[in-house]
Amino acid sequence: MDFFENALNTAKEALEIVSQKTEEVVTTGKQKYTIASLKNKNSKCFESLGRIYFEQLLDTEIEDDETRNLVNIILQNEEKIAQLQEELNG
């Protein structure tokens, strides 16, 4: 009987370790998901903030060269997008 009791105890210990490791993996997975979700929310906020700032810049004289260049690139890209969409729509 000692053999079966030892085997049973060993199996119980192994299941406890597996259960603990599984819980750690689940917790880690949840944390990684939460981090990714928060990063995604931040990206959307940055995009919205950038759009608001961009719209405000269109109504002002832009003194900063780097900002002016970025605005011009966006405007040129928007024109190109409109042209390409018009070509596609025929």
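With which residue does E24 form a salt bridge, and how far apart are the closest N and O atoms? In this predicted model, local features require pLDDT of at least 70 and side-chain atom pairs count only at pLDDT 80 or more, whereas totals for chains, interfaces and linings use all residues. Residues are numbered from 1 along each chain as its sequence is written, and side-chain values use heavy atoms, with hydrogens and water left out.

The partner of E24 is K21, and the closest N and O atoms of the pair are 3.8 Å apart. A salt bridge is defined here as a side-chain nitrogen of Lys or Arg within 4 Å of a carboxyl oxygen of Asp or Glu; by this rule, the count is 3. Both E24 and K21 belong to helix 1, where 3 residues, about one turn of the helix, separate them. Helices are DSSP runs (H or I, at least four residues), numbered from the N terminus. E24 is partly exposed at 37% relative accessibility, and K21 is likewise partly exposed at 47%. These classes are set by relative accessible area, with buried meaning under 20%, exposed over 50% and partly exposed in between (1.4 Å probe, protein chains only).

Helix 1 also holds R51 and E47, which lie 4 residues apart, about one turn of the helix. Their side chains meet in a salt bridge with an N to O distance of 3.2 Å. R51 is exposed, its relative accessible area being 54%, while E47 is partly exposed at 44%.

Because D65 and R68 are 3 residues apart in helix 2, about one helical turn separates them. Both residues are partly exposed, D65 having a relative accessible area of 48% and R68 one of 30%.

The loop between helix 1 (2-58) and helix 2 (65-89) contains D64, which is partly exposed at 41% relative accessibility. Together with E61, E63 and E66, D64 forms a negative surface patch. Patches comprise residues with over 30% relative accessible area and no salt bridge, like charges being joined within 9 Å and nonpolar side chains (Val, Leu, Ile, Met, Phe, Trp, Tyr) within 5 Å.

T67 is located in helix 2 and is buried, with a relative accessible area of 17%. When its neighbours within four places in sequence are left aside, T67 is in contact (heavy atoms within 4.5 Å) with Y53, L57 and I62.

Notes:
Accessible areas come from the Shrake-Rupley method with a 1.4 Å probe; for residues, only the protein chains shown count as cover. Lys and Arg count as positive and Asp and Glu as negative; His and the chain ends are not counted. The place of a charge is taken as NZ of Lys, CZ of Arg, CG of Asp or CD of Glu. Helices (H or I, at least four residues) and strands (E, at least two) are DSSP runs, numbered from the N terminus.
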